[in-house]
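Let's take a walk through the side-chain packing of this protein, with an eye on rings, cores and charges.

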Amino acid sequence: MKFSIIGICCLLMTAQLTLAQPIYKNASAATDERVADLLARMTLEEKIGQLCCPTGWEMYHKTGNHTVEPSSLFRERMQRMPPGSLWATLRADPWTEKTLQTGLNPELAAKALNALQRYALEETRLGIPLFFAEECPHGHMAIGTTVFPTSLAQAGTFNRELIREMAAAIGLEASLQGAHIGYGPILDVAREPRWSRMEETFGEDPLLTGILGSHFVQGLQGDDPQSSHQLYSTLKHFAAYGIPSGGHNGQKASIGLRELFSDHLEPFRMAIDAGAMSIMTSYNTIDGVPATASSFLLKELLRDRWGFQGFVFSDLGSIEGIAGTHRVAPDVRHAAAMALQAGVDIDLGGNAYGRNLKQALEDNLISLEDIDRSVINILRQKFEMGLFEDPYVDPTQAARFVRSDAHKQIAREVARQGIVLLKNENGILPLSREIGSVAVIGPNADNMYNQLGDYTAPQDRKNIVTVLDGIRSAAAPHTVVRYARGCAIRDTTQSNIDEAVEIARASDVVVLVVGGSSARDYKTEYLETGAATVTNSEEKEILPDMESGEGYDRSTLHLLGDQEKLLNALAATGKPLIVIYIQGRPLNMNNAAQKGDALLTAWYPGQEGGHAIADILFGDHNPAGRLPVSVPRSVGQLPVYYALGTQAAYIDGSSSPLYAFGYGLSYTHYQYSDLTIGVEKEKKQVEITCRVTNTGNQDGDEVVQLYVRDNRSSVATPPIQLKNFRRIHIKKGESKTITFTLRHDDLALYNMNMQRVTEPGEFTLMIGAASDDIRLRDTFLIK
């Protein structure tokens, strides 16, 4: 047989090309080139797999105290249709049925995700790495991590720098265990306290939500997208999810386009400007259109106007909800096609896309270009993160740094700064270290899970500091600390109010800890979305404490069970009464505000909450937390958020909240003075300064709040709007000058044509300590 030289050369060239490294595996190639090369090699099933994010907690098998391996379910899934990502692989809670015994500690968690990642890289045809997405709203929801205060408590700090520091710690803990995506922050502007998920939000104001959310994103993601210690932040829930009709989770948002843009979309725009790389749709509809099927939100607004370059998740089951809950598609196949064409890149849960997109393509409901577009959005970020080159983590680092002392200190500081002092009659607080005895009473005084909030993993008791723990630790050695539970949150069969009254009468002061709970238990049933189901059983069984958290909507805001009876009985003793609310929503405080000598809300203060509360009770920390949401007097007032302004009184009661947005007391006093306003026309900005003096006898923080009213505009605008804030530390007797800069864009509105413009005219500027406590006021002109 004869071979020509040309033929031999051709064979050699072919062999070299075959053996050459694919472009997508070349780290020096441009990202777009790598994406295009990999996309061209993928089968339809492999592409659809990249769009699926199934639940991950069944994907590993614990083989001993120190080893873990991929489960048979994972191996089967990876061979059939390798998913692009897994969600909540490390999640542990009653829904996942992962406990301290069956779940994974941080070191094992890192080993588990390494094992799953190694299988994806070495045992699948193309070796595409997985994204691991984890819940991170107030800490990574996994065993052994730091449990920070929930978002309402975070918002109560009014401290953007502290929130960024906290988010960086969350990002570090999750990424050290192998996660790449952190679900959080939650940017829903929440103006419906009956809604079960208010605890997850930053409250009622879009600017506060946008600023804190943006700093959360920056902390979680860090400055280097290829750093092995940062995550992609997933903004939740897009959009208008925080104002469900009737307070029912996922119900429609009854809202006009202008308010939607001005209030509910603005925090997302700010966070995307801060660099957020992923976003999640919400369950609700807006004007009849499911958010998960809205091309207006996900394409025209998010990508075309805002320039978003990341990827879009559905919420769990929200694609199925297009057909089921909302009935705007005949079946899930059509719903999947609608979601994909609207701009949803990743199906959280994976069933809607995984089981339907291939048939939808064959039926011409979607095009291959629709699928490719979303695959590109995902692959681009995997390459940008460096996952193809550096996919693994060091388990020893996870064991060393997760829930470190430094992170516990941050958790304590966030809790301290987020606690709001609402009443302090006759300066009863801080308590003297010379006090002889303290009675600590109430269903939330010594229940660790009740202070942690929803989206929290199982905890080792020694890692959580309850209020009782904190007071015992902070009190002087000679101080006698007595404890009685008194009653449960909801159940009335366990009450022992007489015992509580007995120890109250024997003590110098009473600390009563009441409120609510988002603590899930293993008897609770769950929907496929993970939301808890509420049953009204007539059987005489013990009711769980849980009255808040996803799925636990309320028709009232009263303290449940015998809590009001307990409060009344303790007040009747005549002993000094300090009432502390641990809660996930602003519950009714009318009785407590009247009968308590001091009143505080700590929201859900996290694992260090007991220390933080004791720090304030004994004066080791001067409180400066502010309310991120107004506290209504009754549900009949709802909605009752500050931006509505002063309303006419009802014939049967006040229209004002019991406590307004931005309100909070201190152990010292502050005087505001010397307001100056300078309009800089060339720079298109307004410079504002004022002087704040600590006139009391303690050092402390003050939260200076700047509000604006547009005195004449082409469309109606709120009579008062927060435009900036600053938390500053001022020593006793000291004065500080505070400077704010308002850009013209900060004064913009959406005009009659829905164009964002800054209109010329007069504005009133207000600076104060709360939305209803304005200390300085003046006007300025924009020409």
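## An edge-to-face pair

F313 has a relative accessible area of 0%, so it is buried. Keep in mind that we're looking at a predicted model here. Y183 counts as buried too, because its relative accessibility is 0%.

How are the rings of Y183 and F313 arranged? Their centres are 5.3 Å apart and the planes meet at 75°, so this pair is edge-to-face. Y183 sits in strand 6 (residues 181-186) and F313 in strand 11 (residues 311-313), so the pair ties together parts that lie 130 residues apart in sequence. Both rings also belong to one aromatic cluster, made up of F131, Y183, Y232, F311 and F313.

## Another ring pair, tilted

The structure holds 23 aromatic pairs. Take F158 and F661: the ring centres are 5.9 Å apart and the planes are at 55°, so the pair comes out as tilted; edge-to-face would need an angle over 60 degrees.

This pair links distant parts of the chain, 503 residues apart. F158 is in the loop between helix 6 (151-156) and helix 7 (160-176), while F661 is in the loop between helix 22 (609-617) and strand 19 (670-680). F158 and F661 are both buried.

## Cores

Nonpolar side chains in soluble globular proteins tend to be buried together. In this model, the largest nonpolar core has 155 residues. Which of them touch the most other members? That would be W87, F238, Y353, I441, L570 and Y659. There's also a second, separate core of 33 residues, with L421, A445, I471 and A475 among them.

Setting aside neighbours within four places in sequence, Y353 is in contact with I48, L51, C52, I319, A336, A339, L340, V344, D345, I346 and D347.

## Arginines to look at

For R118, the ring is that of Y392, with its centre 4.6 Å away. For R191, the ring belongs to Y641, and the distance to its centre is 3.9 Å.

R77, in helix 4 (residues 72-80), is another arginine to check. R77 is buried, yet has no salt bridge. Where is the nearest side chain of opposite charge? That is E76, 6.4 Å away, and a salt bridge would need a side-chain nitrogen within 4 Å of a carboxyl oxygen. Beyond neighbours within four places in sequence, R77 is in contact with C52, P54, P82, P83 and G350.

Notes:
Residues are numbered from 1 along each chain as its sequence is written. This is a predicted model: local features need pLDDT of at least 70, side-chain atom pairs count only at pLDDT 80 or more; totals for chains, interfaces and linings use all residues. Side-chain values use heavy atoms; hydrogens and water are left out. A nonpolar core is a set of buried Ala, Val, Leu, Ile, Met, Phe, Trp, Tyr and Cys residues joined through side-chain atoms within 4.5 Å. Buried means under 20% relative accessible area, exposed over 50%, partly exposed in between (1.4 Å probe, protein chains only). Contact means heavy atoms within 4.5 Å. Rings of Phe, Tyr and Trp (its six-membered ring) pair if their centres lie within 6.5 Å; planes under 30 degrees apart count as stacked, over 60 as edge-to-face and the rest as tilted. Helices (H or I, at least four residues) and strands (E, at least two) are DSSP runs, numbered from the N terminus. A charge sits over a ring if NZ of Lys or CZ of Arg is within 6 Å of the ring centre and within 35 degrees of the ring normal. Lys and Arg count as positive and Asp and Glu as negative; His and the chain ends are not counted.
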